[in-house]
Amino acid sequence: MSGRSPIITLLTDFGSEACFVGVMKGVIASIAPRAVVIDLCHEAPPRRAATAGFLLASAYAYFPPGTVHAAVVDPGVGTARAALAIKAKGFYFVVPDNGLIVPALAGPEEADEIVRIENEACFLKPVSRTFHGRDIFAPAAARIACGVPLSALGRAVSGFDRGSFPAVARARSPDGAEALQGEVIHIDRFGNLVTNIRGLERGRVLSVRCASCEVRGLQETFADVEEGSALAFIGSSGYLEIAVRGGSAAGSLGAETGEKVHVKIRS
């Protein structure tokens, strides 16, 4: 990280009405005063690690190599769940071990190093049972930004938990076509439904079905359908999305996070 100030990004579900994010920044400033701290998002849906993981996966690669990404959406705070520091793909990730990292890293084989953050000398004392963002994650991210090796934070581990991040199921439809089943993992502010399905080829997708709606094929942009019509497309992060032109797919279809999505693919 020589030659420039280290960068730390913060992604949380803390919102902006309380002081939690500001306190994390204060801890970072005390340890790594040269670090540039960038707010990635603090409005992630509360306690939804899978959605936070999608947001992190959509953003981390657009930062300079060596950036430290600290993501704290942590419904298991205070329990036996681990806190992890990971080096992978030229970046560092500081996350709870609850599946949040899964969209960014398909498996531990993609990581260069994974440690369980457990060196209490690196914690802010006393450690709160409910605010590990302040007492564990922020100090760890700051120390990494200062060049402290991951091995100083804790012991190496071989993997991480998938948590609640949903897997995509593959099958065959009655007519012999390949079928995928995923689910909605995020609803953005426009009401678009973001799924956990990625890697689709536009010319091979026959149909996409979600809730009360089934659309044929994939479109490239919203203008490819009439106003008020539903469409399926590949979003900027590479995931399959469902939208309604000029409206909210979530509202029009009555769909929520966790809604099943079925994709039929030409063999």
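In which sense do strands β6 and β7 pair, and over how many bridges? The pairing of β6 (residues 113-117) with β7 is antiparallel and extends over 3 bridges. This is a predicted model, in which local features need pLDDT of at least 70 and side-chain atom pairs count only at pLDDT 80 or more, whereas totals for chains, interfaces and linings use all residues. Residues are numbered from 1 along each chain as its sequence is written, and side-chain values use heavy atoms, with hydrogens and water left out.

**View 1. The open sheet has 7 strands with mixed pairing.** The strand order is β2-β1-β3-β5-β4-β6-β7; two strands pair if DSSP finds at least two bridges between them. Strands (E, at least two residues) and helices (H or I, at least four) are DSSP runs numbered from the N terminus. At the edges, β2 (36-41) and β7 (154-156) each pair on one side only.

**View 2. R116 stands opposite R155 of β7.** Helix α3 (residues 132-145) packs on the sheet and touches β1, β3 (68-72), β4, β5 and β6; contact means heavy atoms within 4.5 Å.

**View 3. The largest nonpolar core has 33 residues.** Such a core is a set of buried Ala, Val, Leu, Ile, Met, Phe, Trp, Tyr and Cys residues joined through side-chain atoms within 4.5 Å, where buried means under 20% relative accessible area (1.4 Å probe, protein chains only). I86, F93 and I101 have the most contacts inside this core. Its largest share, 7 residues, comes from α2. Leaving aside residues up to four places away in sequence, I101 touches L56, I86, F93, V95 and F160.

How values were computed: Buried means under 20% relative accessible area, exposed over 50%, partly exposed in between (1.4 Å probe, protein chains only). Axes are lines fitted to C-alpha atoms, for helices over the stretch in contact, and angles run from 0 to 180 degrees between N-to-C directions.
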